[in-house]
Amino acid sequence: VIVIGLIVVAVMLVLGPIAAMGGRSVGIRVEASFTGLYYALVSVFSALVCARLREIKEGATAAELAASID
Amino acid sequence: MDDRRVARPSLGIGDLVRRSLKLAAAHFGFLFPIAFVPALIATVIGQYAGGQPIIDDLETPGSGLPGPAAFLAISVNIFISFNVTGVMCLAALDALLGKRHTIGEYLRQTLRHIAPIVLLGTLVYVAAGFAAILLLVPGLYVLARYLPWTPAILFENSGWAGLARAQKLTEGTGGRSLPQ
């Protein structure tokens with residue numbers, strides 16, 4: 001979570017000044033992009049952690065986790 | 001030395017971070033729009049709630065409380081963010097397995113558990129916030145200990161038992177779901 005947060009902050013630091021130059025609508029889109037990027041990375045990470053923990057502790061495969069939406 | 005001691009398989013957090021980044025990059029075109037569109041909606045609501053930028057309405061003068069527009073915007077943002085997290089976890093699992101479901105199916109599964117997701121999620125973040133007041137580390141420990149609560153609720157239909165399930169899954173990892 002810390003590493004992913006740092007990656008998002010690094011991208012924000014690079015793109016922030018560009019967004020500031022582009023006005024409010026560009027700022028909104030850039031902010032939404034950061035948020036979307038954060039959601040995507042954290043969700044992928046927590047899904048992988050859950051799959052790995054189940055694999056270690058219960059010998060379950062990732063495919064078994066998908067049963068809830070099949 | 002006790003030879004009977006069984007070595008616990010490593011969680012491999014570094015490897016999980018690398019795999020997360022690789023997976024997100026490989027499926028960027030699938031995952032990012034699912035997160036971006038609601039994030040854009042939430043940002044626009046936040047910016048224009050009540051016909052004015054939210055920052056102007058953050059406090060009702062004299063009361064120290066958020067104004068109604070800001071309160072509504074914050075509530076909508078929390079609801080959207082927990083929904084997006086749920087949908088994204090399901091989409092990430094599909095990306096991992098090379099499968100595809102419709103966004104409607106992800107959303108239905110998330111909405112089926114939306115009450116525990118929102119309430120338990122809020123509880124985790126409030127607890128982590130309070131723990132972080134003491135020192136930063138306890139807050140991070142709380143977040144690490146309950147990290148898989150959303151997947152536990154959604155993947156296993158564990159509902160209100162999601163936090164207990166996450167706690168059980170991370171038991172004995174010593175907070176190793178934080179990168180070390």
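Colleague: Before we start, what counts as a polar contact here?

Modeller: A polar contact is a pair of N or O atoms within 3.5 Å. Within protein, one atom must be able to donate a hydrogen and the other to accept it, and residues adjacent in sequence count only if both atoms are side-chain atoms. Please keep in mind that this is a predicted model.

Colleague: How many residue pairs are in polar contact across the interface of chain A and chain B?

Modeller: The rule finds five residue pairs across that interface, with both residues at pLDDT 80 or more.

Colleague: What area do the two chains bury between them?

Modeller: Chain A and chain B bury about 4,300 Å² between them, and 75% of this area is on carbon and sulfur atoms. The size of an interface is often given as the accessible area lost when the parts come together.

Colleague: Let us step back to the chains themselves. What is the secondary structure of chain A?

Modeller: Chain A has three helices and zero strands, in the pattern α-α-α along the sequence. Of its 70 residues, 43% count as buried. Chain A exposes about 3,200 Å², with carbon and sulfur atoms supplying 70% of that surface.

Colleague: How many helices and strands does chain B have?

Modeller: Chain B comes to nine helices and zero strands. Of the 180 residues of chain B, 45% count as buried. The accessible surface of chain B is about 9,600 Å², of which 67% belongs to carbon and sulfur atoms.

Colleague: Among contacts in chain B between residues at least 6 apart in sequence, what share joins residues at least 24 apart?

Modeller: For chain B, that share is 60%.

Colleague: Now the charged pairs. How many salt bridges are there over all chains?

Modeller: A search of the whole structure finds five salt bridges. The count between chain A and chain B is two.

Colleague: Which residue of chain A does Glu156(B) pair with?

Modeller: Glu156(B) forms a salt bridge with Arg54(A), and the closest N and O atoms are 3.0 Å apart. Glu156(B) lies in helix α8 (residues 149–156) of chain B and Arg54(A) in helix α2 of chain A, so the pair joins two chains.

Colleague: Are those two buried or partly exposed?

Modeller: Glu156(B) is partly exposed, with a relative accessible area of 22%, whereas Arg54(A) counts as buried at 13% relative accessibility.

Colleague: Where does Arg165(B) come in?

Modeller: The side chain of Arg165(B) meets that of Glu58(A) in a salt bridge, at 2.9 Å from N to O. Arg165(B) also forms a salt bridge with Glu156(B), where the closest N and O atoms are 2.5 Å apart. Arg165(B) counts as buried, at 14% relative accessibility. Through shared partners, the salt bridges join Arg54(A), Glu58(A), Glu156(B) and Arg165(B) into one network.

Colleague: What are the buried residues of helix α9 of chain B?

Modeller: In α9 (residues 162–170) of chain B, the buried residues are Gly162(B), Leu163(B), Arg165(B), Ala166(B), Leu169(B) and Thr170(B).

Colleague: Why are they on the same side of α9(B)?

Modeller: They cover an arc of only 160° around the axis, which puts them on the same side of α9(B). Just after α9(B), Gly172(B) takes a positive phi of about 85°.

Colleague: Back to chain A. Which residue does Arg52(A) meet in a salt bridge?

Modeller: Its side chain meets that of Glu55(A), at 3.5 Å from N to O. Arg52(A) and Glu55(A) are three residues apart in helix α2 of chain A, so about one helical turn separates them. An α-helix has 3.6 residues a turn, so residues three or four places apart point the same way. Glu55(A) counts as partly exposed, at 43% relative accessibility.

Methods
Residues numbered from 1 in each chain as written. Chains lettered and ligands numbered in written order. Heavy atoms only, no water. Buried < 20%, exposed > 50% of the residue type's maximum accessible area, 1.4 Å probe, protein only. Helix = DSSP H or I, 4+ residues; strand = E, 2+ residues; numbered from the N terminus. Arc of directions from axis to C-beta. Areas by Shrake-Rupley, 256 points an atom, 1.4 Å probe, with all protein chains shown as cover. Buried area = accessible area lost by both parts, 1.4 Å probe. Salt bridge = Lys/Arg side-chain N within 4 Å of Asp/Glu carboxyl O. Contact = heavy atoms within 4.5 Å.
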